[in-house]
Amino acid sequence: MSRNPLVREVPPTSWFFRHPRYMRYMAREITCIFIGAYCVLLVVGLQRLAAGPAAWEGFLLGLRSADSIVFHLLALVAAFYHAATWFNATQKAMPLQIGEDFVPGNLISGAHYAVWVVLSLVVLFLAGVF
Amino acid sequence: MAKSHKPVVWFPFAAGGTVIAFCIPVIVVLTFLAALGHVPAGLSYEKMHAFAASGLGKLIIFGVVSLSLWSSAHRLRCTCYDFGLRADTLAATILYVAAITGSLAAAVFLLRI
């Protein structure tokens, strides 16, 4: 007796349209494109910084274009979406048990958000934004 | 216990995900301000050069850039697969080599400062 194996057809390029949960997963996945591109921009910035004051000023001036502003907006959305989903996942990724009880998940994620806000404010302060 | 090379890929990915979550949004805000023409005082050549010239500054910049690059490369590899690109070995090789090249370039530029 032969049994045919169950083959569930999954369209390799459009599977994520099947469920909103998959769409959110893919939305999170594509944030890495903008973050990766932004990291390349950071490496270019380091090269310009190493090349001297004129090169660095040129780099800062080069940022002031419409394309750059659009790219920064996309990178900003991607970075915040990554951060929020990452912090929301921490309570699942590293549940904390004290004695018999688990620490409430929202407390773990909330602590990450709090540290994030403080760290960001410190960086903005050190960079002279306010 | 089976030996696997996965932790080598996974550890910098997880560390990079954390670094991206905590550090990249505020860094994007800083260069976005510069893009809008309001360059923060801390992004002047003197300030940035002084920061990148210090040992701690080099360590922070290299850590943020290299871990973020690695994490992005790893996630881009998964994204390629999820979008139907089944040539995983090729995608992994190209992306990881790119991330390592970027990190090495960052290290070279930092050592020149």
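Residues are classed here as buried under 20% relative accessible area, exposed over 50% and partly exposed in between (1.4 Å probe, protein chains only). The model is predicted, with local features requiring pLDDT of at least 70 and side-chain atom pairs pLDDT 80 or more, whereas totals for chains, interfaces and linings use all residues. Residues are numbered from 1 along each chain as its sequence is written, chains are lettered from A in the order in which they are written, and side-chain values use heavy atoms, without hydrogens and water.

For Cys80(B), the nearest cysteine sulfur belongs to Cys32(A) and is 8.1 Å away; Cys80(B) counts as partly exposed because its relative accessibility is 23%.

Thr31(A) is placed in helix H1 of chain A, residues 20–50 (helices are DSSP runs of H or I, at least four residues, numbered from the N terminus). With a relative accessible area of 5%, Thr31(A) is buried, and its side chain makes a polar contact of 2.8 Å with the side chain of Arg75(B) (N or O atoms within 3.5 Å, one able to donate a hydrogen and the other to accept it; residues adjacent in sequence count only if both atoms are side-chain atoms). When residues up to four places away in sequence are not counted, Thr31(A) touches Ala78(A), Tyr81(A), His82(A) and Arg75(B), contact meaning heavy atoms within 4.5 Å.

Phe125(A), by contrast, lies in helix H4 of chain A, residues 105–126, and counts as exposed because its relative accessibility is 52%.

Terms used. Helices (H or I, at least four residues) and strands (E, at least two) are DSSP runs, numbered from the N terminus. A disulfide is a pair of cysteine sulfur atoms within 2.5 Å.
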